Amino acid sequence: MELCELTVHELEEKLNKKEINLKDIVKSYEQRIREKEPEVQAFVSINEDAQKQVEQGKTGIPIGIKDNICTKGIKTTCSSKMLENFVSPYDATVMEKLQNHVILGKLNMDEFAMGASTEYSAFKKTHNPWNLSKVPGGSSGGSAAAVSADMVPWALGSDTGGSIRQPSSFCGVVGLKPTYGLVSRYGLVAFASSLDQIGPITKDVTDCAILLNKIAGYDEKDSTSIKIQPKDYTKNLQKGVKELKIGIPKEYFGEGINNEVREAILQVAKKYEQMGAIIEECNVATTNYALATYYIIACAEASSNLGRFDGIRYGYRAEHCNNIKELYRNSRSEGFGQEVKRRIILGTYVLSSGYYDAYYKKAQKVRTQVKQEFKRLFEKYDLLLTPTSPTVAFNIGTKSNNPLEMYLADICTVSINIAGLPAISIPCGLDKDGMPIGFQLIGNSFSEEKLLYTAYAYEKEENFREKYKPQFKNDKT
Amino acid sequence: MSNGDYETIVGLEIHAELSTKTKIFCSCPTEFGGEPNSHCCPVCMAMPGALPVLNEKVIEYAVKAGIAMNCEIAEISKNDRKNYFYPDLPKSYQISQYDMPLCKNGYVEIDTKEGKKKIGITRIHIEEDAGKLNHDEFGKKSFVDLNRAGVPLIEIVSEPDIRGAEEAEAYLKKVKAILEYIEVSDCKMQEGSFRADVNVSVRKKEDNKYGTRTEIKNMNSFRAIVNTISYEAQRQINVIENGGKIEQETLRWDELQGQTISMRDKEDAQDYRYFPEPDLGLIKITKEYVEKIKENLPELPESRKKRYISEYNLPEYDANIITSSKYLSNLFEGALAICKNPKSVSNWIMSDIIGALNEREIEPDKIPFSAKDLGDLIVLIDKGTISTSIAKKVLQKMFETSEKPDEIIKKYGLVQISDEDTIRKLAHKILEANPKSIIDYKSGKDHALGFLIGQAMKETKGKANPRLLDQIFKEELNK
Ligand SMILES: [Zn+2]
């Protein structure tokens, strides 16, 4: 077995035993990237100096970073023409926390994290390692695909409406969206400030806990980060699920959910029951309003957040403009892709006078209701169990021209961002075409520890990684 | 109908930069000047991913202002984004406060011809300043300087309680004085740290509905504001009298032409798409916090004025003028502490110092000497070391060179001659040279004495002790 196929905790064990050194690890990944990147196309930029940086003293396990997290001295493009040549003058707080780790590269994504397939990258389409004709999901598709293809040991993604969990589910890896405020957003290029959260994408639950340990924590540079006692998320992984009350919200198993996915998730529920958890059906009535609410709030915030890309101080600037209005209009028309423009226009519309009350204000009210409903549910249940995505990975090109259908890919994940809750996606099998299915565990605010030990219990029992490997086949079905 | 049948209604939105050391959402210095873009960081340059963190001093300063202007302080308020594109606005939105301002429902008292009047304060909210555009002399390029971007501001919005230019000026001066006294803003109008948007409308006195108003933005001199209001009110009256209608619009004051000009090229009705700033939490203020600030608030101009009248017997007019500026008032108190002569200090400020300020066209904060220097100067007069007329010269020198009064006196040899022998010798000399004056004096023409004293002063360049001169000339003439 190649080193690049190991998990981070396995690599660390070998390092501790001095069986290998960090350079061996880096070499193995570089080799793997050379082999697989031409097929997978997960990277926007690859660090050519990785080995040198180990020689210069970096000691952490290397990592891949979604390209909307600012890295000093390395391009941060958000997979947009707008930032094609942008180099951030500062490091995101999570990058400061990971400064001991070599960055293997910056990973592809939907432009400005807007999308569910990574097809909206301005530079390249990333392919799903399990079947190269399929999308890896999105928007953190590059991160999930790179972890799945063993091109990076682990990666950071960002999740605004499912952008960590859905691609993790599509690529058969573990993805955690932390509680809003647990991980600093400072240096994460904002899509929707009240929903965005950085989180780990890893090969297994233990790695997820290790990476969360590294990135979580209050940051005085982010006013929305929350002061809580630091925790060691690896400590209680073995705790087990006995007596744990898990709710199964009916609304997540209805129309639009693929049958094989539904069956797989119900199997997961059964498994938990066998392990001693108490499974009970429940309702999340606000689910039906979540998608509309999400798109109003996310687009409203995006329309304002993306205003700074105006061609004045950095980023793409259109040539031959006669006045300032033209400079704005042309730079933004040429620099942004279709989907980004669609959302900016939508967001501008819902905030404009005369429409504000009907859309934005109403969405905020629904948001409060969503929060309250989850709060009530967590008085009764420890966790909720749902599919991560209504389907497995779809074929490249099938939804990219149908925005509404693409938006539906987020149906199982957006409520969690609206409520600011943590949720994790865990692989739980393959469909008949060999594509991974993922289930989602949703917890109360700051219940990451519980999410992780519950996920760990399943993973240990089922051992997805040992049973299944990405195929890198390319059969157009 | 004549102008007298109309009244002019003015509302003012004052923007005052707060004098906190650092900016409102980052730790860059607020210091004026500096190389372009040298007081900047990822936050105030709106680099991707950078986030604002609200400077607590800004809240403190704004609450101080709110209390000093008799406002209610909101227990909960929030920041909102005001979205618009302009090159001096790096984030493409200004973080301001929309529907939940920090302070509201206050007032400021002004003096008018009809007596005291309360001008209502609708609200005071916090926001960030924008950067600056420098247009190059070669024509085609503009340069963005973000040193001012993110400097904290408070916006003080008045009720439309102000009638006419005079009240507007009194109100502006009062607000400026209050902000200076409580030391939350240095209110330097030339540097743009105190400026106002002016809303003007007119109505017939018997009407109780307001007329359509026009707005003149970003004015930073009292004189220009007064001229603008007078001009704009007259323009509106003329339009109405000629059967026209006032259009609600934004105007610009053209200083050279002395008129308001329509800014028609401006955006068709801006929609700022305000929404709550998701990067910042709610601002929560406790009653204890407000109480603590209230307790430590410095004495306000109104209170000082009353004290000057009751304790030092200053005329109300003088007390008003001195307390209208923190710098003049501090000068008064500082000098008084040294010389213990309130009448004299007040007179010096009211005549020579204000005169010199006007002549030199400088503001009281630019007085180049200290309160102690003025006190020392008055002590020198009171001790008879120099005469009042010499003191006036010394004061001019103090304005020119900032030297200490005793240094000036020494350097230019201005010490008063109070030695009796010297004065008598001088008197003999003058009398010898002016025999006609002696005859005049003896024949009862009193002006002859004045002439002789004048000659002696001329001879000594004003240094002779005038009391002694008078006495000795009389003695000699009556011999
Ligand atoms: Zn700054």
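I started with the surroundings of L195(A) and listed its contacts beyond four places in sequence: D159(A), T160(A), Y180(A), Y294(A), I297(A), A298(A), E301(A), R367(A), N417(A) and I418(A). Contact here means heavy atoms within 4.5 Å. I am working with a predicted model, where local features need pLDDT of at least 70, side-chain atom pairs count only at pLDDT 80 or more, and totals for chains, interfaces and linings use all residues. For my own bookkeeping, residues are numbered from 1 along each chain as its sequence is written, chains are lettered from A and ligands numbered from 1 in the order in which they are written, and side-chain values use heavy atoms, with hydrogens and water left out.

Next I placed L195(A) in the fold: the residue is in the loop between β5 and β6 of chain A. My helices (H or I, at least four residues) and strands (E, at least two) are DSSP runs, numbered from the N terminus. L195(A) has 1% relative accessibility, so I noted the residue as buried (under 20% relative accessible area; exposed is over 50%, partly exposed in between; 1.4 Å probe, protein chains only). I also checked L421(A), 226 residues away along the chain: its C-alpha atom is 9.9 Å from that of L195(A).

Then I traced the sheet of chain A. Its 11 strands make an open, mixed sheet, ordered β1-β3-β2-β4-β6-β5-β10-β11-β9-β7-β8; two strands pair if DSSP finds at least two bridges between them. β1 (43-46) and β8 (278-282) of chain A each have a single partner strand, so one side of each lacks a neighbour in the sheet. From one strand to the next, the twist averages 30 degrees (axes are lines fitted to C-alpha atoms, for helices over the stretch in contact, with angles from 0 to 180 degrees between N-to-C directions).

Last, I turned to the zinc ion. The SG atoms of C26(B), C28(B), C41(B) and C44(B) coordinate the zinc ion at 2.3 to 2.4 Å (donors are N, O and S atoms within 2.8 Å of the metal, 3.2 Å for Na, K and Ca; water is not among the atoms, so sites may look incomplete). Along the chain, these donors follow C-x1-C-x12-C-x2-C.
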